[in-house]
Amino acid sequence: MGDVDYISYSLKKLEEYKNEGIVLDDNLIITMESGSVPLSTRNIDKIIECLFLKMTDVSQ
């Protein structure tokens, strides 16, 4: 996220979500990217693994 207007809009949306009970790191997951650091499927896979797969398998 490099565009100031886009960042401002995104923060406003997060506040709206919060007002409706949708809270970052509680029941909302977000991703970000920029021109120099694009979001890749590899990164999405890592997020899923960290947030869901390792949390449910405590035996490893």
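Predicted model: local features only at pLDDT ≥ 70, side-chain atom pairs only at ≥ 80, totals over all residues.
Biologist: Which residue forms a salt bridge with E16, and where do the two residues lie?

Modeller: The count of salt bridges comes to 1, and in it the closest N and O atoms are 3.4 Å apart, where the cut-off asks for a side-chain nitrogen of Lys or Arg within 4 Å of a carboxyl oxygen of Asp or Glu. Both residues lie in helix 1, 3 residues apart, about one turn of the helix.

Biologist: How many Å apart are the end C-alpha atoms of helix 1, and what span should its residues give?

Modeller: Helix 1 covers residues 4–19, which makes 16 residues. At 1.5 Å a residue these should span 22 Å, and this agrees with the distance between the end C-alpha atoms, which is 23 Å.

Biologist: Which residue takes a positive phi just after helix 1, and which residue has a positive phi although it is not a glycine?

Modeller: Just after helix 1, the residue with a positive phi of about 90° is G21. Most residues other than glycine have a negative phi. In the loop between helix 1 and helix 2, however, there is a residue that is not a glycine and yet has a positive phi of about 70°; at 73% relative accessibility this residue counts as exposed. Its name is D25.

Biologist: Which residues make the nonpolar surface patch, and where is the place of F52?

Modeller: The patch has an area of about 500 Å² and is made by I29, I44, I48, L51, F52 and L53. Of these, F52 counts as partly exposed because its relative accessibility is 43%, a value that passes the requirement of over 30% for patch residues. The place of F52 is in helix 2, residues 41–56.

Biologist: How many helices and strands does the protein chain have, and what percentage of its residues count as buried?

Modeller: The protein chain has 2 helices and 0 strands. It exposes about 5,400 Å², of which carbon and sulfur atoms supply 56%. Of the 60 residues of the protein chain, the part that counts as buried is 3%.

Key. Residues numbered from 1 in each chain as written. Heavy atoms only, no water. Helix = DSSP H or I, 4+ residues; strand = E, 2+ residues; numbered from the N terminus. Expected span 1.5 Å × (residues − 1). Buried < 20%, exposed > 50% of the residue type's maximum accessible area, 1.4 Å probe, protein only. Areas by Shrake-Rupley, 256 points an atom, 1.4 Å probe, with all protein chains shown as cover. Patch = residues over 30% accessible without salt bridge, like charges linked within 9 Å, V, L, I, M, F, W, Y side chains within 5 Å.
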